[in-house]
Amino acid sequence: MVSVVNLVLMGALIVLHTLIAAVMTRFFRLRLNTRWGSVLYALFLIPLVLFVSTLVFSGVFGIGVDLGSPTAALGVMIGMPLALGFTIDTLYVPPPEEYENLPNSR
């Protein structure tokens with residue numbers, strides 16, 4: 001049986017994963033001047049970080065509920081936050097080109 005505490009903790013973990021994905025996407029967009037680099041970064045490095053975080057929180061701390069299959073767990077804990085974080089940064093946060101007073105990166 002699923003407890004309310006486990007559902008709340010799982011929801012908090014999904015929000016944390018979304019925040020991690022959005023911040024990592026933003027950091028990379030500020031550092032890289034290519035278009036495909038940010039896509040590759042978002043598709044390979046961010047899911048790796050979210051996967052490790054999922055293993056730590058669900059394995060060591062036992063946070064979360066049984067979703068029935070590993071595919072559903074990966075979709076809910078990695079796929080959905082990755083898509084939401086990337087969308088939030090790409091659509092709702094102004095692009096780095098709109099800021100005039102960015103420091104020079106050397």
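1. Arg26 counts as buried, with a relative accessibility of 14%; buried is under 20% relative accessible area, exposed is over 50%, and partly exposed lies in between (1.4 Å probe, protein chains only). The model is a predicted one, in which local features need pLDDT of at least 70 and side-chain atom pairs count only at pLDDT 80 or more, while totals for chains, interfaces and linings use all residues. Residues are numbered from 1 along each chain as its sequence is written, and side-chain values use heavy atoms, with hydrogens and water left out.

2. The side chain of Arg26 meets that of Asp89 in a salt bridge, 3.7 Å from N to O (the criterion is a side-chain nitrogen of Lys or Arg within 4 Å of a carboxyl oxygen of Asp or Glu). Arg26 belongs to helix 1 and Asp89 to helix 3 (residues 70–92), so this pair ties together parts of the chain that are 63 residues apart in sequence. Asp89 is buried as well, at 2% relative accessibility. A search of the whole structure finds one salt bridge.

3. The overall layout is simple to state. Helices (H or I, at least four residues) and strands (E, at least two) are DSSP runs, numbered from the N terminus. Of the 106 residues, 27% count as buried. Among contacts with a separation of 6 or more, 79% are between residues 24 or more positions apart; a contact is a pair of heavy atoms within 4.5 Å.

4. Helix 1 has a list of buried residues, including Met10, Leu13, Ile14, His17, Thr18, Ala21, Met24, Thr25 and Phe28. An α-helix has 3.6 residues a turn, so residues three or four places apart point the same way.

5. Thr25, in helix 1 (residues 4–31), is buried at 3% relative accessibility. A polar atom of the Thr25 side chain lies 2.7 Å from the backbone oxygen of Ala21. Leaving out residues up to four places away in sequence, Thr25 touches Tyr41, Ile46, Phe86 and Asp89. Asp89 is also the salt-bridge partner of Arg26.

6. Ser53 sits in helix 2 and is buried, with a relative accessible area of 11%. Residues up to four places away in sequence aside, Ser53 touches Leu13 and His17. Both Leu13 and His17 are on the list of buried residues in helix 1.

7. Pro47 is placed in helix 2. This proline is buried, with a relative accessible area of 16%. Apart from neighbours within four places in sequence, Pro47 is in contact with Ala42, Ile78 and Leu82. Pro47 and Pro81 are 34 residues apart along the chain, with 9.4 Å between their C-alpha atoms.

8. The C-alpha atoms of Leu7 and Ile63 are separated by 8.7 Å, although the two are 56 residues apart along the chain.

9. Which residues make the nonpolar surface patch? Leu45, Leu48, Val49, Phe51, Val52, Leu55, Val56, Val60, Phe61 and Leu74 make it, over about 870 Å². Patches take residues with over 30% relative accessible area and no salt bridge, joining like charges within 9 Å and nonpolar side chains (Val, Leu, Ile, Met, Phe, Trp, Tyr) within 5 Å. Helix 2 (residues 35–60) gives the most to this patch, with eight residues.

10. Phe51, in helix 2, is partly exposed, with a relative accessible area of 35%. Leu45, also in helix 2, is partly exposed at 38%. Leu45 touches Met24 and Leu40, leaving out residues up to four places away in sequence. Leu45 and Met24 are 21 residues apart in sequence and 9.2 Å apart from C-alpha to C-alpha.

11. The accessible surface of the chain is about 7,500 Å², and 70% of this belongs to carbon and sulfur atoms. Areas come from the Shrake-Rupley method with a 1.4 Å probe; for residues, only the protein chains shown count as cover.

Notes: A polar contact is a pair of N or O atoms within 3.5 Å; within protein, one must be able to donate a hydrogen and the other to accept it, and residues adjacent in sequence count only if both atoms are side-chain atoms.
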